[in-house]
Amino acid sequence: MNILGREMKITLNKKFSAASLLILAAINIFIWRSVLATQADTLHVHFFDVGQGDAVYIRTPAKQDILIDGGPDSNVLAKLGQAMPFYDRKIELMILTHPHADHMEGLVDVLQRYEVEQVLYSGIKYKSATYAEWQKLIASKNISTKIALTGQTVKLGQAKIDILFPDHNMKDETIKNLNNSSVVGRLNFGQHSFLLTGDAEQEVEKSLLNKYSSDMLKSNVFKAGHHGSDTSNTKDFVAVVNPGIAVISVGEDNKYKHPAESTLQTFADLSIKTFRTDQDGDVECRSDGERLECNKD
Ligand SMILES: [Zn+2]
């Protein structure tokens, strides 16, 4: 009885061990799958909640890090700290859409804290202490810079960014309305596109409509121009972009009263699901090339 009892116990234990191993193996595969899904196959686009300003961080499936604008202060550092792997201190590409403070103050902090490989900007002339400091830091760190121009393509493994504006070399030019020097880029991965227009206003939207076919502008996600202002986001333009999702990067109770009621109405009329960083906080979109999701959408 005793021996039999012991034998039975052993058998049961063995069975239990085999089952545990199977469960552990299954969990392991599941964990590896999630890791792969979040790191290897997925494009992440983060619209950081940086108050009244813009900061868009892209992590490509090939693990490149791209930062487009840095918001109005050093808060972007904490956001990057959360979104980037802790061991990764390198940003492969920094894009400055235009040198207004709400887009570039944070980029100075990023230059001081991260290794930045390359910078893309319009080269526009603009008097500001921060812009001067930013350019000085780039020079002192010997970071390679490129002047943004329509027709350029930034290759990022299977993803890419097509530069759609400026339509001519703006290096050392001055411009009445700095917003209309904004670097406009369209990020593509698999079946998905993201249109990022900085603070470009209706004059630029019009020139994009004239220059490009709707195929080149059509995007699943549109970062609303100029914080949702009515100086941008014209109905003609938004209708051609035809996004399913719009993200408005905007600060709570900002003095500009962004976003404009008319912009929200345009998005509603065109049945565009709208996220706002002042209400939704950070907005993150993920694409594996076939499926796209933004936040809990
Ligand atoms: Zn702005």
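**View 1. Val-110, a buried residue of helix 3.** Val-110 is buried because 21 other C-beta atoms lie within 10 Å; buried calls for 20 or more other C-beta atoms within 10 Å of a residue's own, exposed for 12 or fewer, and partly exposed lies in between, with C-beta atoms placed from the backbone. The residue is found in helix 3, where helices (H or I, at least four residues) and strands (E, at least two) are DSSP runs numbered from the N terminus. This is a predicted model, in which local features need pLDDT of at least 70 and side-chain atom pairs count only at pLDDT 80 or more, while totals for chains, interfaces and linings use all residues. Residues are numbered from 1 along each chain as its sequence is written. Leaving aside neighbours within four places in sequence, Val-110 is in contact with Leu-67, Gly-70, Val-76, Leu-77, Ile-91 and Met-94; a contact has the two C-beta atoms, placed from the backbone, within 7 Å. Between Val-110 and Leu-77 there are 6.6 Å from C-alpha to C-alpha, although they are 33 residues apart in sequence.

**View 2. Helix 3 against helix 4.** Here helix 3 (residues 101-113) packs with helix 4 (residues 129-140) at an angle of about 35°, and their axes are 9 Å apart. Axes are lines fitted to C-alpha atoms, for helices over the stretch in contact, and angles run from 0 to 180 degrees between N-to-C directions. Look for Ala-101, Met-104, Glu-105, Leu-107, Val-108 and Leu-111 in helix 3, which meet Thr-130, Tyr-131, Glu-133, Trp-134, Leu-137 and Ile-138 in helix 4. Nine residues of this contact are nonpolar, one is polar and two are charged; Ala, Val, Leu, Ile, Met, Phe, Trp, Tyr, Cys and Pro count as nonpolar, Asp, Glu, Lys and Arg as charged, and the others, Gly among them, as polar. In helix 4 you will find Glu-133, which counts as partly exposed because it has 15 C-beta neighbours inside 10 Å.

View 3. Strand 1 (residues 43-47) runs antiparallel to strand 14 (residues 283-287), joined by five bridges, and Leu-43 stands opposite Ser-287.

**View 4. Strand 2 and its two neighbours.** Strand 2 (residues 56-59) is covered on both faces: Val-56 and Ile-58 are buried on one side, Tyr-57 and Arg-59 on the other. In a regular strand, side chains alternate between the two faces of the sheet. Four bridges join strand 2 to the antiparallel strand 1, with Arg-59 as the bridge partner of His-44. Strand 3 (residues 65-68) also runs antiparallel to strand 2, with four bridges, and Val-56 stands opposite Ile-68. Five residues lie between the strands in this hairpin, where Lys-63 takes a positive phi near 70°.

**View 5. The largest nonpolar core.** This core has 64 residues, and those with the most contacts inside it are Val-56, Met-94, Ile-95, Val-184, Leu-187 and Val-247. A nonpolar core is a set of buried Ala, Val, Leu, Ile, Met, Phe, Trp, Tyr and Cys residues joined through C-beta atoms within 7 Å. Beyond four places in sequence, the contacts of Val-184 include Leu-164, Phe-165, Leu-196 and Leu-208.

Key:
Two strands pair if DSSP finds at least two bridges between them.
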